[in-house]
Amino acid sequence: MNERSAFARWSFRLALLAAVVGVLAVLGHRLGVMDFRLAIFGLMGSTLIGLAAALSGIAGIAITLMGRKGGTVFAAAGLVLGLVVAVPVLLAAQAGSAVPRIHDISTDLQDPPKFVAVRALRTPQHNSLEREEPGNLGELQQAGYPELEPALIERHPGQVFEEALALVKERGWEVVAVSVENGTIEATDTTALMGFKDDVVIRVREEAGKALVDMRSASRVGQSDLGANAKRIEAFFRSLKNASMRLAKRSSICVPPP
């Protein structure tokens, strides 16, 4: 039997190390024992190690195929595991490079919905909710997300408000405050992997007999949200409009002809 290739051995070892570093970064932040900056640094480190494992795996496979050394399984395992660790972070970084480095998105740039109850959940270490940084925040948002705008729904504002609240609960967001008088809903969405918390406020107002819905989504940490807040608003508005259309159709079907 041929001696196992050093590339194959190191590919597997590096891949395991990358996985361990990545898991520790995620768990450390989710458990509150690691600052988000350190967690991000850990993910970056695991990505670099994962890439090294993948490259070593490719070299190891090439050497074993030439029959000079053994260890094809180890090299292949290192290649696959290294890519599993590195690729998601690389894809997120690529997506983030295509969007503005901002973390507070609002469908109304002139009169953004205001956070009230959520402020008590934020600490001085979190991003400010004053929308003062960067100074050209509005311009950056318009350049990055020109299609983002309020939703005008042809239903009674009270009905749309109830539909919006139901959608917030359906998504598993933590409801922080509900003000029927002001037509606002404040909630917190926790990201699945890292456990980052992004706060949202939804405002429903009456305009010409219709419901005008604005939404704001702001990350507690990080200079860039990698586009997550805009995607959250767009997805929520799609669901809200679809829900309103379904209910409107049901209402028209149930109304007896004159």
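**Strands, helices and a pocket**

User: Let's start with the strands. In β6, what is the bridge partner of aspartate 199?
Analyst: That's alanine 218. Keep in mind that this is a predicted model.

User: OK. In which sense do β5 and β6 pair, and over how many bridges?
Analyst: They run antiparallel, with 10 bridges between β5 and β6, the latter being residues 210–219.

User: And how many residues sit between those two in the hairpin?
Analyst: There are 2 residues between β5 and β6. Alanine 208 is in that turn, and its phi is positive, about 55 degrees.

User: Which residue takes a positive phi in the β4 and β5 hairpin?
Analyst: Glycine 195 does, with a phi near 75 degrees. That hairpin has 6 residues between the strands.

User: Switching to helices. How do α1 and α2 pack?
Analyst: Helix α1 is residues 6–30, and its axis is 7 Å from that of α2, at an angle of about 160 degrees. Angles over 145 count as roughly antiparallel, so α1 is roughly antiparallel to α2. The contact of α1 with α2 has 17 nonpolar residues, 9 polar ones and no charged ones.

User: Is the α1 and α2 crossing left-handed or right-handed?
Analyst: Left-handed, as α1 passes α2.

User: Then what about α2 and α3, at what angle do they cross?
Analyst: Roughly 150 degrees, and the axes come within 7 Å. Therefore α2 is roughly antiparallel to α3. The crossing of α2 and α3 is left-handed.

User: New topic: how much space lies in the second largest pocket?
Analyst: About 300 Å³.

User: Which residues lie nearest the centre of that second largest pocket?
Analyst: His29, Phe36, His126, Arg220 and Val221. They belong to a lining of 13 residues.

User: And what's that lining like by class?
Analyst: The second largest pocket is lined by 4 nonpolar, 5 polar and 4 charged residues.

Conventions:
Residues numbered from 1 in each chain as written. Predicted model: local features only at pLDDT ≥ 70, side-chain atom pairs only at ≥ 80, totals over all residues. Heavy atoms only, no water. Pairing = 2+ DSSP bridges. Helix = DSSP H or I, 4+ residues; strand = E, 2+ residues; numbered from the N terminus. 1 Å grid on protein atoms, 1.4 Å probe; cavity = no way out; pocket = protein on both sides within 12 Å on 5 of 7 lines; lining within 4 Å. Points joined across faces, edges and corners; volume = space filled by probe spheres on them. Nonpolar A, V, L, I, M, F, W, Y, C, P; charged D, E, K, R; others polar. Axes fitted to C-alpha atoms, helices over the stretch in contact; angles between N-to-C directions. Parallel < 35°, antiparallel > 145°, perpendicular 65-115°, else oblique. Left-handed = near helix turned anticlockwise from the far one by under 90°.
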